[in-house]
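Here is a short report on one protein model. Please read it with the sequence and the 3D view side by side.

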Amino acid sequence: MTGPFASFRDYVAALESRGRLLRIGSMDQDRFEATGFAYRLIDERGFHGAPAFLVEKIRTGGRWLDGPVLGNVFPGWLAEALAYGVPDPTGDDRQLYQATRDHLARKLGADGRWPRILPVESDPATAPVKEVIALGDDVDLLRFPWLQTNPGDAGPYITAGTVFMEDPELGRNVATYRCQVKGPRRLGLNCEIGQHGWTFIQRARKRGAATVPAAVVLGVDPITFSIGTSKLGGLGEDELAIAGGLRGNPVELVPCETSPLRVPALAELVIEGEVPVGDGEAEGPYGEVYGYMGLKKPWNFVLDVRAITHRRNPWIVNSFAGITKLTMSMPQAVANFVNYRRIMPNLVDLYRPVESNGVVLASIDKRLPGDGMVAGQHLAAGDMFGKLVIVVDKDVDLHNKEQVFHALGTRWQPHPASLLIPHTKGFPLDPSAPTRWVTSKMVIDATRQLPAEGGPAEWPGVSRVLLNEQSPGTEALVDSRWAEYWRDWRGG
């Protein structure tokens, strides 16, 4: 069973069929049990080996509430292979990564654009997200199991909501912003300065509008969610059309109850409301994606809730920011790779390890002196997240940390193969940056340095490479006898 999937539930069923979903009867989040479990899960299994987990009943805010609440819903490259419809997704992490990357690269046009399929209207009478409709005094956000993930958080948050807004000229915007649950009919809405949601609200202010309709949608299909968390859709581009193109079929939409907005018919839950363009209040602090507590914001947008529609027994996702993988990243990685290849034809591979925020790895087919540093500077300039850019030779597997560190230890001389960039644009949530949006960066050229770059006149051969070249049957021999070697092993 592989995707693309029309609904979040179909995707989770595929994970479970592959043994990548753990069901848990109950957890006490007033004691931060789910948070502690998420940390232990990643510690024990790693980002790519830990399964998704589903908690049937959870205690939060002093009450036991029915879930389910789900966490770690994008567990490793198998999850992305399933979601994007890689045929027969099997193999180790590296093989799954490459298969998914190649599968998506075939969908990317020669112009660097993803295919588009526009969304379609669906019948609200049969839409799962309209099974329960709450309006007026029946609206109560506190009936649902929103979690306070960290003891230092300002309260419970909606951490995996896809926010829908529209602009009369720019059209629809679909994005992910954290939402602090402030009461039964009020949410905080964190649109950072410069993000498209922030731009939509500022444009409404200039038009003289008092409010902006918005909808926070929970439990959309995995591709729609990942496109909403990415930068693939520029200002004025419909993210749902990109999601449809990657799914191979249109996203089905139904109208909201209290505004002209359209939302996915197969979602789990929709919170409808209005953002007052001139009104706001304090929000946060909140545990950010870097694993550090963010600062309290003295002013942030709010959403006054007018309606809630949902499936019976809706499924709630918590992102466990800073602990588990938040979203699927492959389309953005493929787009970045293709764009960089246009200016760096010798680029072989590009990888940003999910467990290492701020680190970008690249391998190149080095031919001339300076190739490594030139590639590193291009990446440092183009990647807002990357503070440390490490460039290695084409024979180094970027997904093998041992090989990357071996290249650092044996091919890199800190001088002259390092470049410090003291002042450039950075990611605003970086806890190490004294000024938001500003950072320093470093490029490390860990390719074999040529004599013209200060390297040795001759590099010695790599022992493992020489073994494979000079004794080509050794690897096959060991493979053939591997099970036999371990036959009498009694170790742990």
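The side chains of E453 and K366 meet in a salt bridge, with N and O 2.6 Å apart. A salt bridge here is a side-chain nitrogen of Lys or Arg within 4 Å of a carboxyl oxygen of Asp or Glu. The pair joins distant parts of the chain: E453 sits in the loop between β22 (438–445) and α11 (463–470), K366 in the loop between β19 and α9, 87 residues apart. Helices (H or I, at least four residues) and strands (E, at least two) are DSSP runs, numbered from the N terminus. Both E453 and K366 are buried. Buried means under 20% relative accessible area, exposed over 50%, and partly exposed in between (1.4 Å probe, protein chains only).

This is a predicted model: local features need pLDDT of at least 70, side-chain atom pairs count only at pLDDT 80 or more, and totals for chains, interfaces and linings use all residues. Residues are numbered from 1 along each chain as its sequence is written, and side-chain values use heavy atoms, leaving out hydrogens and water.

**Other salt bridges**

Side chains of opposite charge can pair when their charged atoms come close. How many salt bridges does the rule give? The count comes to 43.

| Pair | Closest N to O distance |
|---|---|
| K401 and E355 | 2.7 Å |
| D395 and R448 | 3.6 Å |

Take K401 and E355, whose closest N and O atoms are 2.7 Å apart. K401 lies in helix α10 (residues 401–411) and E355 in the loop between β18 and β19 (359–364), so the pair ties together parts 46 residues apart in sequence. K401 is partly exposed, at 44% relative accessible area. E355 is also partly exposed, at 31%.

Next come D395 and R448, with a 3.6 Å gap between the closest N and O atoms. D395 is in the loop between β20 (388–393) and α10, and R448 in the loop between β22 and α11, so this bridge ties together parts 53 residues apart in sequence. D395 counts as partly exposed at 39% relative accessibility. R448 counts as partly exposed at 26%.

Salt bridges also link K182, R186, D279, E281 and D304 in a network.

**Helix α8**

Helix α8 covers residues 330–343, 14 residues in total. At 1.5 Å a residue it should span 20 Å, and its end C-alpha atoms are 21 Å apart, which agrees. The expected span is 1.5 Å times one less than the number of residues. Which residues of α8 are buried? They are M330, P331, V334, A335, F337 and Y340. These buried residues pack against α3 (76–83), α4 (93–105), α7 (239–247), β18 (347–351) and α9 (371–382).

Three strands form an open sheet in the order β4-β12-β13, with mixed pairing. Its edge strands are β4 (120–121) and β13 (262–264), each pairing on one side only. Two strands pair if DSSP finds at least two bridges between them. Strand β12 (residues 252–255) and β13 pair in the antiparallel sense over three bridges. V254 has V263 as its bridge partner in β13.

**Residue R172**

R172 lies in strand β8 (residues 171–176). Is R172 buried or exposed? R172 is buried, with a relative accessible area of 16%. Beyond residues up to four places away in sequence, R172 touches a set including F164, E237, L253 and R262. Contact means heavy atoms within 4.5 Å.
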